[in-house]
Amino acid sequence: MSRELKRCSMARGCLQGVKYLMFAFNLLFWLGGCGVLGVGIWLAATQGNFATLSSSFPSLSAANLLIVTGTFVMAIGFVGCIGALKENKCLLLTFFVLLLLVLLLEATIAVLFFAYTDKIDRYAQQDLKKGLHLYGTEGNVGLTNAWSIIQTDFRCCGVSNYTDWFEVYNTTRVPDSCCLEFSDSCGLHAPGTWWKAPCYETVKAWLQENLLAVGIFGLCTALVQILGLTFAMTMYCQVVKADTYCA
């Protein structure tokens with residue numbers, strides 16, 4: 001009897017330690033989701049005119065992605081917090097499965113991206129060129145502003161060449177954001193006054209230059225998720241142990 005009580009006491013002590021660690025982790029996880037959601041809502045409210053460049057996925061904007069991601073992270077964090085506080089095996093297992101599915105989905109997307117880089121490149125360029133035809137049209141203020149900002153900030157013009165715009169305007173003309181020195185209707189001037197660099201390759205090169213930062217962010221994200229999985233499964237096992245020894 002004394003041995004059983006000792007086992008029960010040890011199991012409950014371990015469970016309490018893991019419980020508070022699990023709760024603290026999920027509280028930070030939930031707060032992180034709140035932050036991402038808040039940034040997404042702020043972007044949607046203040047930068048609503050800045051949308052996606054894709055004509056095939058008009059809702060795939062930075063604001064929408066952040067809102068969806070933040071909401072999902074908050075939901076998972078909430079399940080983890082309640083599961084830890086209530087020592088509920090069902091909620092802990094749900095948290096574990098959801099987080100594992102997210103991790104596997106991220107890994108699958110990463111593998112597919114690197115496996116089909118060339119195909120994704122071709123499709124992205126084709127889709128972006130289709131989007132050019134929506135530039136300056138009614139109801140596409142977001143896409144118009146996005147192209148203007150990219151061409152101005154990256155000092156580039158068109159998707160693969162400034163001549164991409166000739167098909168849009170059906171004449172030798174580019175948007176004013178392509179001009180070396182901006183002025184009204186400068187896009188009607190001679191090609192020597194326009195940026196020559198293709199925007200797709202320019203932005204791609206910029207991303208490759210910052211690949212280390214992207215890789216570190218991805219690695220940190222994966223480590224946080226693995227830590228969450230470890231906490232969830234450890235606490236689940238401790239709850240099972242406590243139930244067994246203290247029954």
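How many disulfides does a search of the whole structure find? The search turns up three disulfides, where a disulfide is a pair of cysteine sulfur atoms within 2.5 Å. Keep in mind that this is a predicted model, where local features need pLDDT of at least 70 and side-chain atom pairs count only at pLDDT 80 or more, while totals for chains, interfaces and linings use all residues. Residues are numbered from 1 along each chain as its sequence is written, and side-chain values use heavy atoms, with hydrogens and water left out.

**The disulfides**

- Cysteine 156 is bonded to cysteine 199, with an S to S distance of 2.1 Å. The S-S torsion here is about 95 degrees, so this disulfide is right-handed.
- Cysteine 156 sits in the loop between helix H5 (141–153) and helix H6 (164–169), and cysteine 199 is in helix H7 (residues 199–209), so the bond ties together parts that are 43 residues apart in sequence. Helices here are DSSP runs (H or I, at least four residues), numbered from the N terminus.
- Cysteine 156 and cysteine 199 are both buried; buried means under 20% relative accessible area, exposed means over 50%, and partly exposed is in between (1.4 Å probe, protein chains only).
- Cysteine 157 pairs with cysteine 178, again with S to S at 2.1 Å. The torsion about that S-S bond is about 90 degrees, so the disulfide is right-handed.
- Cysteine 157 is in the loop between H5 and H6 and cysteine 178 in the loop between H6 and H7, so this pair links parts that are 21 residues apart in sequence. Both cysteine 157 and cysteine 178 are buried.
- Cysteine 179 is joined to cysteine 186, S to S 2.1 Å. With a torsion of about 110 degrees, the disulfide is right-handed, and cysteine 179 and cysteine 186 are buried.

- Cysteine 34 is partly exposed, at 26% relative accessible area.
- For cysteine 90, the closest cysteine sulfur is in cysteine 237 at 16 Å, too far for a bond. Cysteine 90 counts as exposed, at 55% relative accessibility.

**H2 against H3**

- Helix H2 (residues 62–86) packs on helix H3 (residues 89–115) at an angle of about 150 degrees, and their axes are 8 Å apart. Axes are lines fitted to C-alpha atoms, for helices over the stretch in contact, and angles run from 0 to 180 degrees between N-to-C directions.
- H2 and H3 are therefore roughly antiparallel; angles under 35 degrees count as roughly parallel, over 145 as roughly antiparallel, 65 to 115 as roughly perpendicular and the rest as oblique.
- On the H2 side, the contact residues include Phe72, Ile76 and Val79, and on the H3 side they include Leu91, Phe95 and Leu98. Contact means heavy atoms within 4.5 Å.
- By class, the residues of this H2 and H3 contact are eleven nonpolar, three polar and no charged. Ala, Val, Leu, Ile, Met, Phe, Trp, Tyr, Cys and Pro count as nonpolar, Asp, Glu, Lys and Arg as charged, and the others, Gly among them, as polar.

**H4 against H7**

- The axes of helix H4 (residues 117–132) and H7 come within 11 Å and cross at roughly 130 degrees, which makes H4 oblique to H7.
- From H4, Asp121, Ala124, Gln125 and Leu128 meet Tyr200, Glu201 and Lys204 of H7. That contact has three nonpolar, one polar and three charged residues.

**Asparagine 26**

- Asparagine 26 belongs to helix H1 (residues 2–46) and counts as buried at 0% relative accessibility.
- Leaving out residues up to four places away in sequence, asparagine 26 touches Ile76, Gly77, Gly80, Cys81 and Phe95.

**Positive phi in the loops**

- Arginine 155 is not a glycine, yet has a positive phi of about 55 degrees. Arginine 155 is placed in the loop between H5 and H6 and is exposed, with a relative accessible area of 54%.
- Asparagine 170, also not a glycine, has a positive phi of about 55 degrees. Asparagine 170 lies in the loop between H6 and H7 and counts as exposed at 68% relative accessibility.

Notes:
Helix = DSSP H or I, 4+ residues; strand = E, 2+ residues; numbered from the N terminus.
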